[in-house]
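I opened the notebook today to look at a sheet and the helices around it. Here is the model I had on screen.

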Amino acid sequence: MTDPISRLLAAPPALPVAAGLDRLRSLLAASTSAVVTAPPGTGKTTLVPPLVADVVGPAGGRVVVTQPRRVATRAAARRLAGMLGEDVGATVGYAVRGEHRSGPLTRVEVVTAGLLLRRLQADPDLPGVAAVVLDEVHERSLDSDLLLALLLDSRALRDDLVVVAMSATLDLERLPALLGTDGEAPVLDIPSALHPVEERWAPPPSGVARLAPGGVPREMLAHVAATALDTLDRESGDLLVFLPGAREVDDVVARLRASVPDGVDVLALHGRLGAAAQDAALAPSPAGRRRVVVATNVAESSLTVPGVRLVVDALLTREPRLDVSTGMSGLVTVGAARASGVQRAGRAGREGPGVVVRCCSPVDWARAPQVPTPEILSADLTGTALELAAWGAPGGGGLAWIDPPPGPALAVATATLELLGLTEPGGGITALGRAVACLPAPVRQARALLAAAGRTGLRPAAEATALLTADLRA
């Protein structure tokens with residue numbers, strides 16, 4: 001066997017998903033869709049895409065795998081290519097905004113959900129694509145929910161397109177019915193193989209709030225750093241610390257670097273870092289050294305952080321919320337859901353028994369929501385409404401959704417598009433609307449960019465737009 005994918009599948013690594021590959025092959029032989037559920041760390045991102053590529057065959061077309069974030073996209077491609085004994089860009093490639101590494105022999109391409117959404121809008125046939133694997137669908141981002149709805153609609157043109165949805169949770173009850181073309185799509189459930197994880201609690205001292213109107217108080221960040229140092233001192237193994245945003249990560253990283261003993265490396269991991277810094281945080285510790293990785297929720301489910309046996313969780317996260325006074329979304333720091341906390345804790349139990357220390361009380365944990373709020377139910381839908389108009393389905397009528405867009409929020413978004421001259425009163429998209437839809441920026445800022453470019457020049461207008469779209473709290 002010379003085919004690298006066939007070699008990998010003939011002797012797969014000892015990951016829990018490997019035990020279900022034959023079953024998945026049988027399911028895909030009888031159906032063009034399937035749902036795979038498995039906890040983080042079981043190997044679904046690593047082994048399911050090559051299995052799908054083997055099912056469709058080298059002549060069938062490319063397998064496109066979606067990830068929720070750019071850092072996860074690069075990491076997933078790099079990990080799979082390494083298991084094939086190749087560099088990225090050969091059998092396995094990836095594409096994110098502004099960066100593309102693939103070639104004529106690429107059979108598995110990892111992309112962000114937003115990038116595949118752009119491709120689907122440009123050509124609903126998805127030429128050259130044999131299968132789409134939607135990873136981490138439980139995260140319920142706007143892009144992923146919209147992509148799923150449009151992808152299912154495009155199957156009227158491509159009834160041969162294989163669609164596999166992968167989730168770390170079992171709470172998406174409607175997913176098998178949505179994916180199935182003749183009844184429900186089959187479900188393959190991979191059981192957890194995690195080691196036991198001991199739960200501990202480290203609520204902040206009396207008088208220190210976990211959250212304040214301005215975000216996370218500095219006293220709370222000091223408490224998280226102190227908890228991390230105490231856990232590092234008491235236990236063995238690498239430590240993963242969860243915080244809600246880049247600002248908080250950088251603050252705690254600075255505190256820890258000033259206090260950790262020799263032989264301990266402190267690394268940040270969030271979406272604003274360059275690729276080299278992200279790669280460093282995801283690399284194993286050098287022999288004889290330990291490390292602390294301080295991360296946002298990018299490390300919650302879609303990334304592998306090797307060597308971690310300890311987790312300190314602030315149990316906070318950033319979620320988009322619609323500001324009714326402005327009609328726009330902003331990132332708001334809130335308490336994380338228990339489902340997110342369970343996934344974060346699981347990072348400590350992948351390689352052996354671990355410990356999770358939550359920087360809250362058991363009462364705070366009990367009061368936390370069970371699952372995160374899907375973005376489509378809480379965020380500004382102006383961009384979604386524009387995408388729907390560009391698709392030819394204004395208002396989303398006739399599309400299959402996990403959760404349909406709320407009527408009142410969609411009505412406000414539709415009115416905003418008309419006011420900006422991006423859609424017509426009947427819902428059809430204008431030429432200006434199509435131009436705005438092609439820009440990688442929120443609708444209002446993209447509209448302003450096009451208006452300003454003729455006066456100030458493209459570069460100054462783009463720089464001003466970048467400042468407007470930056471979340472200074474992230």
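Which residue in β4 is the bridge partner of Tyr94? I looked it up and found Arg101. Before going on, I noted that this is a predicted model, where local features need pLDDT of at least 70, side-chain atom pairs count only at pLDDT 80 or more, and totals for chains, interfaces and linings use all residues. Residues are numbered from 1 along each chain as its sequence is written, and side-chain values use heavy atoms, with hydrogens and water left out.

Entry on the sheet. I see 3 bridges joining β3 (residues 92-96) to β4, and the two run antiparallel. Strands here are DSSP runs of E, at least two residues, and helices are runs of H or I, at least four; two strands pair if DSSP finds at least two bridges between them. The open sheet has 8 strands in the order β4-β3-β5-β2-β6-β7-β1-β8, with mixed pairing. β4 (99-101) and β8 (187-189) are at the edges with a single partner strand each, so one side of each has no neighbour in the sheet.

Entry on α4. Helix α4 (residues 70-83) packs on the sheet and touches β2 (62-67), β3, β4 and β5 (108-112); contact means heavy atoms within 4.5 Å.

Entry on α6. I checked helix α6 (residues 142-154) and found 11 of its 13 residues buried, so the rest of the structure largely encloses it. Buried means under 20% relative accessible area, with a 1.4 Å probe and protein chains only. Among the buried residues are Leu142, Asp145 and Ser154. Their cover includes β2, α5, β6, β7 (162-167), α7 (175-179) and α13 (382-391).

Terms used: Axes fitted to C-alpha atoms, helices over the stretch in contact; angles between N-to-C directions. Buried < 20%, exposed > 50% of the residue type's maximum accessible area, 1.4 Å probe, protein only.
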